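Open the model in your viewer and keep the selection tool at hand. Each stop below says what to select and what is there.

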Protein chains: 2
Amino acid sequence: MNVDVDLSPLRESLEAEGIDGYCIDADGSDSDQRYVSGFTAPDPYQTLVTADGVHLLVSGLEYGRAKAESSADSVTRRSAYDYRDLVAEHGPYEAKHRLLAAFLEDHGVDSVAVPRSFPTGTADGLRARGLEITVEPEGIIEGIRATKTEWEIEQIRASQRANEAAMATAESLLATADVEDGVLVSDGEPLTSERVKTEIEITLLRHGCGLDDTIVACGADGADPHDRGSGPLEADELIVIDIFPRDKETGYFADMTRTFARGEPSEEARRRYEVTREAYEAALEAVEAGVTGADVHDAACDVLETAGYETLRSDPSTETGFIHSTGHGVGLDIHEAPSVSPSGGELEAGHVISIEPGLYDPAVGGVRIEDLIVVTEDGYENLTDYRVGLEPTTE
Amino acid sequence: MNVDVDLSPLRESLEAEGIDGYCIDADGSDSDQRYVSGFTAPDPYQTLVTADGVHLLVSGLEYGRAKAESSADSVTRRSAYDYRDLVAEHGPYEAKHRLLAAFLEDHGVDSVAVPRSFPTGTADGLRARGLEITVEPEGIIEGIRATKTEWEIEQIRASQRANEAAMATAESLLATADVEDGVLVSDGEPLTSERVKTEIEITLLRHGCGLDDTIVACGADGADPHDRGSGPLEADELIVIDIFPRDKETGYFADMTRTFARGEPSEEARRRYEVTREAYEAALEAVEAGVTGADVHDAACDVLETAGYETLRSDPSTETGFIHSTGHGVGLDIHEAPSVSPSGGELEAGHVISIEPGLYDPAVGGVRIEDLIVVTEDGYENLTDYRVGLEPTTE
């Protein structure tokens, strides 16, 4: 359990604004609520942060598990406020407002800060019952989440271990494929992006991870950083493999990208691979607590521009070259704070970030190399243990 | 593409209330937005329904795909409102409000109805810019979604085909396991709930489906309808397998449950299986357009109570017997309208519902039998093609 969560920045903000509590009303897909409460459930539940603790409101169905598993200081079940009677009398929509108002009153809360995503239905319902609802505009919880506890770093490391196994499965498929008529062939069938993705997913499942999506993109597909890839994989072309699994139990993501080529990639493809690798190394070298995400992004751009490629820094309208940020935070969400981009602020020890420069051109294909690291006081610790090399092997 | 979506109930409500448009601001996890726009994306986007059409507001990254794939009448990219300049000048939070206000103004919309889940941050931001925001309390879109188009029924049918393959994988593992010291053993290792779930997931992946969760629950675990199951599967005990996969492309769910036992289940376990089967058949028999979900639920309760078991109808506080509803709608969400429960309203042709009575007692275990069906004018069409039988086979 993530016991070292420090909500003091939130409590200081509440006190400064003269607000009694902070309330989240969401289901298990909301990572802020999962983080604050140490609990997740498929259906909506509510979390209240006050000066004296974290308080959960859950259905009877979830009560036992919330008591046992959550990090909340108190857990209340809906039946404590006669929820069934409220639904029978007022219908489910109005009943929820009355339920939540009673829960807030119980904790002495008249004024509430809520996240930007708080449901307008609930906000308006509580306002109609006399509560003062203020949207917290800064995303304070997101800021707190950016700095990982030791426990969280262990969970992310475990997800990256599963990711390494999945990448090895994919690389091995590429390495052992035959080449027939310019196309990779495995077990007598064309080796497609879809087949490789399925084997990646199966490996992740066997390691307790799931994913919604993964990228295995060959040739021109790989030149669009958001193309997931499809169809037969070709020899002599760059193949970008980007895997971002999530542990099914803990909810923590990992993230890694490697680029491979079978056969004889063009001179220009090889050059781009080497230049991207230099940019990745330069960005890693730049990381330490106190530098900004923008500084790290600049380090990558410097290498790429010096080698003659466009970046969004050298040409904001370019559609080829380095056309995304150098990295992003990873945790309970695959994209979270901090940002390693032109707008990226100061990095702190305990930030977990990806470093993933790339070069893209439909005429050549895409290259991206990505590791996941923890920022430390004097550098970084790499959470990724996976060889960087263009030619796939079975090692 | 789901071309036959009929938004007229929403438009009639807007007209009756004198409201210009209905706006959704959510990401791809919001099934209402996916349904209305025929589009989904990982990051937030906005959908506006007016009297004259459905209008999408998306990032430049999603613009091409939204134009090609969505069912919207118009697609606008954020850059049309100088979004980058807005962010630079006002920050991302305020910029979003200005962006959305400009988009609404472009469509002549001053007053907006929003779903209950609409973000309070966006609602308050738009209100501060003079727009009138009203929460639509009825869940009109959910009501529209309950009646499936022909296209949707085909997608759900396809997901149920994948589900049948997964159930066959699981059943075959049970059927071919050895029994050693009262525990099922496969390939020399105890056959656990976890192993069966992994093989179910792998089969689903190979059929293009994913899932967050599945139930393989043996003995007392199976007597709690929300227990996912864990540990070695035992001979002579009831094993509940409930699979609810989602097609990765279309987003449509399927749902099916079967209960099995190896060895010699107790007399009482066998009796409960037969009674549950009778309740399932009686509930199916009761289904046709015009009857209510409550009627269908009553048909299941009648059988179970006549056989001497408690239901929540005979004893609202019972913790054994039939302790959930008979069924629920299935579509882009695994639980959606209509309800086949004491509060279930009139069923209509085109509703897709599960029929899943069960009996639970920690001393005996759990039984549940579930098919997925489409309501028709004079009965139902079963979307499920899977044998009902307690003894697992490899057929």
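Select residues 154–377 of chain A. In this predicted model, the span is 32% helix and 24% strand, and its end C-alpha atoms are 18 Å apart. Helices (H or I, at least four residues) and strands (E, at least two) are DSSP runs, numbered from the N terminus. An unreviewed UniProt entry annotates residues 154–377 of chain A as "domain: Peptidase M24". UniProt positions are given in the numbering used here, feature names are shortened, and annotations may be inferred rather than shown by experiment.

Next, select residues 10–114 of chain A, which the unreviewed UniProt entry annotates as "domain: Creatinase N-terminal". This span is 47% helix and 25% strand, with its end C-alpha atoms 11 Å apart.

Before going on, note how to read the labels and values. Residues are numbered from 1 along each chain as its sequence is written, and chains are lettered from A and ligands numbered from 1 in the order in which they are written. Local features need pLDDT of at least 70, side-chain atom pairs count only at pLDDT 80 or more, and totals for chains, interfaces and linings use all residues, while side-chain values use heavy atoms, with hydrogens and water left out.

**Backbone stops**

Most residues other than glycine have a negative phi, and most peptide bonds are trans. Select Asp236(A): this residue is not a glycine, yet its phi is positive, about 70°. Asp236(A) sits in the loop between β11 (214–218) and β12 (239–243) of chain A.

Now go to Ala337(A) and Pro338(A), which are joined by a cis peptide bond with omega of about 0°. Pro338(A) is in strand β16 (residues 336–340) of chain A. In chain B, the peptide bond from Ala337(B) to Pro338(B) is cis too, with omega near 0°.

**Both chains**

Show chains A and B together. How can chain B be laid on chain A? A turn of 180° and a shift of 0.0 Å along the axis do it, with an RMSD of 0.0 Å (superposed by least squares on the C-alpha atoms of residues with pLDDT of at least 70 in both). The two copies are thus related as by a two-fold rotation axis. To find the axis, select Thr120(B), whose C-alpha comes closest to it among the residues of chain B, at 2.2 Å.

**The contact between the chains**

Select the residues in contact (heavy atoms within 4.5 Å): 26 from chain B and 26 from chain A. The chains bury about 2,100 Å² between them, 53% of it on carbon and sulfur atoms. Buried area is the accessible area (1.4 Å probe) that two parts lose on being put together, summed over both. Tyr93(B), Thr120(B) and Leu205(B) supply 25% of the area that chain B buries against chain A, more than any other three residues.

**Salt bridges**

Side chains of opposite charge can pair when their charged atoms come close. How many salt bridges link chain B and chain A? The count is six, a salt bridge being a side-chain nitrogen of Lys or Arg within 4 Å of a carboxyl oxygen of Asp or Glu. Select Glu199(A) and Arg206(B), one such pair, with the closest N and O atoms 3.2 Å apart. On the side of chain B that touches chain A, α4 (83–106), α5 (120–128) and α8 (193–206) of chain B each give two or more residues.

Last, select Glu201(A) and Lys248(B), a salt bridge with the closest N and O atoms 2.4 Å apart. Glu201(A) lies in helix α8 (residues 193–206) of chain A and Lys248(B) in the loop between β13 (246–247) and β14 (256–260) of chain B, so the pair joins two chains.
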